[in-house]
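Q: Please take a close look at one strand of this protein and its surroundings. Start with the whole, then go in.

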Amino acid sequence: MIETKGPVYRPGDAEYDAHRTGYNLALDHRPGLVVVAADPQDVSTAVRYAAANGLAVAVRATGHGISVPTDGELVIDTAGLDGVTVDPAARTATVAAGVRWREVTAAAAPHGLAPLSGSNPDVGAVGYTLGGGIGLLGRHHGFAADHVRRLEVVTADGRHRTATPAAEPELFWALLGGKDNFGIVTEMEIGLVPCTGLYGGGLYFPAESAAVALHGWAAWSRTVPEQLATSAQLIRYPDLEAVPEPLRGRYAAVLRVAWSGPAGQGEEWVRPLRAFGTPLLDTVRELPFTEAGTIHHEPPFAHPASDRNSTLRAFTAATADAVLDLAGPDAGSPLIVEIRLQGGAYSREPAVPNAVGGRDAEYLAFSTGVIGPFALEELRAAHSALHESLRPWSTGGALANFFGMDDADPATVRTAYPEPVHRRLTELKAAYDPGNLFRLNFNIPPAS
């Protein structure tokens, strides 16, 4: 038996289903045990129990991070580890493992501060940060992982450790980029940046303007300063009431912007985009940072999806043509494709080194498709065709936070890191988790 303060669920228990699923419903998880941690000691107890009973361990907070089947194994649910405290003088926030970005931005906003959060406010702050973390302020300030000050973590031996650049520096380096391969983080302390709002939103161009919009955005994106985050998305919206009426059932090329400087300057930078056609919808406006999630308006509900990503060294007119050929309005593609501008502060090494990869990328190409309307094999074929067509501009890498359920093979995982970084990660894995207890993830196996 396992003795914890929080509840433990097994198959057949009334609350089992509520705690076993991930955000991606394409994976139907059936773990042997789900431990809902009431405190960090419960995490330690669960890890020790798993090690003693030959069970692999997965961690679940908001569910976005579970990437491989957990059948018969042990899942530690950290959603109950909540709480955010902000130190406005130090410009830091202490964030527990179950906290979503929405809660962090709400706590920081009264002090004129903001975290390096992502485009989706419902994503868990800790998991996102351990994978690197790219968001609406990142081109100006870098990866979210670059702003971590302290990590509280339970390692494979069940020990509680405090990892900082001074205490456990190698563990600190590996966790920031290596994600949950090295332990379960129960709390983090992060730096905040001054920011009260954005000038941002989306310009939704119709199918007939898609080519002009994507080509224009490609040229324009190469000129913008670091205070501007931007992406271009090609999407066919479903004919559902949840979709804004002008977009319902229609194809759109969406140009998204988030300017973190004075609104008047942002308006000047966005002006050239408005020349690409008459948008179906224009949501660009001044908004408080607490409403930053409306820029990407990503679905807050779980759904079955297939994802893939590639990092690119450039996005040219020829790259835009390659994307339009396979995902343009006449391609009949089952995919939603987004190109995010990287570069800027993402390309610079942080003051305290970490294992985050992808710093050589100027753009990220991300594709996703919903399973159900489309068969999984159809989506896989479309992903392969698209990313193969982008190979001439590819860095050969990917971003760990954008991996999908087909990317869990260690050979694919290593593409998220430069070779020396990956080699060092495997050596540290052998030191901190030699039995690969934490393997129900985008796994980095220990060096043999």
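A: A residue is buried when its relative accessible area is under 20%, exposed when it is over 50%, and partly exposed in between (1.4 Å probe, protein chains only). By that rule, 57% of the chain's 448 residues are buried. This is a predicted model: local features need pLDDT of at least 70, side-chain atom pairs count only at pLDDT 80 or more, and totals for chains, interfaces and linings use all residues. Residues are numbered from 1 along each chain as its sequence is written, and side-chain values use heavy atoms, without hydrogens or water.

The chain has 12 helices and 19 strands. Both are DSSP runs, numbered from the N terminus: helices are H or I with at least four residues, strands are E with at least two. The radius of gyration is 21 Å, close to the 22 Å of the globule rule for 448 residues, so the chain is as compact as a globular protein of that length. That radius is taken over C-alpha atoms, and the rule is 2.2 Å times the number of residues to the power 0.38. Along its principal axes, the C-alpha trace spans about 65 × 50 × 45 Å.

Now to the strand itself. Strand β2 covers residues 33-36. L33 and V35 point one way, V34 and V36 the other. All four are buried. In a regular strand, side chains alternate between the two faces of the sheet.

Next come the partners of β2. Two strands pair if DSSP finds at least two bridges between them. Strand β1 (residues 8-9) pairs with β2 in the antiparallel sense, over two bridges. There, Y9 has V34 as its bridge partner. With strand β4 (residues 74-77), β2 pairs in the parallel sense, over four bridges.

Contact means heavy atoms within 4.5 Å. Beyond its neighbours within four places in sequence, I76 contacts residues including V35, A37, V43, V57 and I184.

I76 also belongs to a nonpolar core: a set of buried Ala, Val, Leu, Ile, Met, Phe, Trp, Tyr and Cys residues joined through side-chain atoms within 4.5 Å. The largest such core has 94 residues, and I76, L151, L198 and L425 have the most contacts inside it. Helix α6 (residues 169-178) gives this core its largest share, six residues. Apart from it lies another core of 40 residues, among them F205 and L324.
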